Amino acid sequence: MAEQIIFYILALIIAVFSVMAVTSGRLIRSATYLLFVLLATAGLYLLLGYTYLFAVQTAVYAGGIMVLFIFAILLTQ
């Protein structure tokens, strides 16, 4: 029962923040929303018991968003 509640919360987070990432007008906010989507996806992997995919999702994709932050700050005014 608790796993279903956690799943629905993570699914809601993914749905809401993915829409917000696409509709946001500012680059930094959009990248932040994408970071939340990727972390919630990593949470789904952890819920399923895929610890390796959780670690890869967190390190590679969430780390890539940090690089996107740096480039967004450097290339925009």
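How many helices and strands are there in the protein? There are three helices and zero strands, counted as DSSP runs numbered from the N terminus (H or I, at least four residues, for helices; E, at least two, for strands). This is a predicted model, where local features need pLDDT of at least 70 and side-chain atom pairs count only at pLDDT 80 or more, while totals for chains, interfaces and linings use all residues. Residues are numbered from 1 along each chain as its sequence is written, and side-chain values use heavy atoms, with hydrogens and water left out.

**Overall picture**

- From the N terminus on, the elements run α-α-α.
- The C-alpha trace spans about 50 × 25 × 10 Å along its principal axes.
- Of the 77 residues, 23% count as buried; buried means under 20% relative accessible area, exposed means over 50%, and partly exposed is in between (1.4 Å probe, protein chains only).
- Take the contacts (heavy atoms within 4.5 Å) between residues at least 6 apart in sequence: 51% of them join residues at least 24 apart.

**Aromatic pairs**

- A search of the whole structure turns up three aromatic pairs: rings of Phe, Tyr and Trp (its six-membered ring) pair if their centres lie within 6.5 Å, with planes under 30 degrees apart called stacked, over 60 edge-to-face and the rest tilted.
- One of them is Phe7 with Tyr8, an edge-to-face pair at 5.5 Å centre to centre and 65 degrees between the planes.
- Phe7 is partly exposed because its relative accessibility is 39%, whereas Tyr8, at 57%, is exposed.
- Phe17 and Phe36 make a tilted pair, 5.1 Å centre to centre with 55 degrees between the planes.
- That pair links distant parts of the chain: Phe17 sits in helix α1 (residues 2-23) and Phe36 in helix α2 (residues 27-48), 19 residues apart.
- Phe17, Tyr33 and Phe36 form one aromatic cluster.

**A nonpolar patch**

- Val67, Ile70, Phe71, Leu74 and Leu75 make a nonpolar surface patch of about 550 Å².
- Patches take residues with over 30% relative accessible area and no salt bridge, joining like charges within 9 Å and nonpolar side chains (Val, Leu, Ile, Met, Phe, Trp, Tyr) within 5 Å; a salt bridge is a side-chain nitrogen of Lys or Arg within 4 Å of a carboxyl oxygen of Asp or Glu.
- Val67 lies in helix α3 (residues 51-75) and is partly exposed at 42% relative accessibility.

Conventions. Accessible areas come from the Shrake-Rupley method with a 1.4 Å probe; for residues, only the protein chains shown count as cover.
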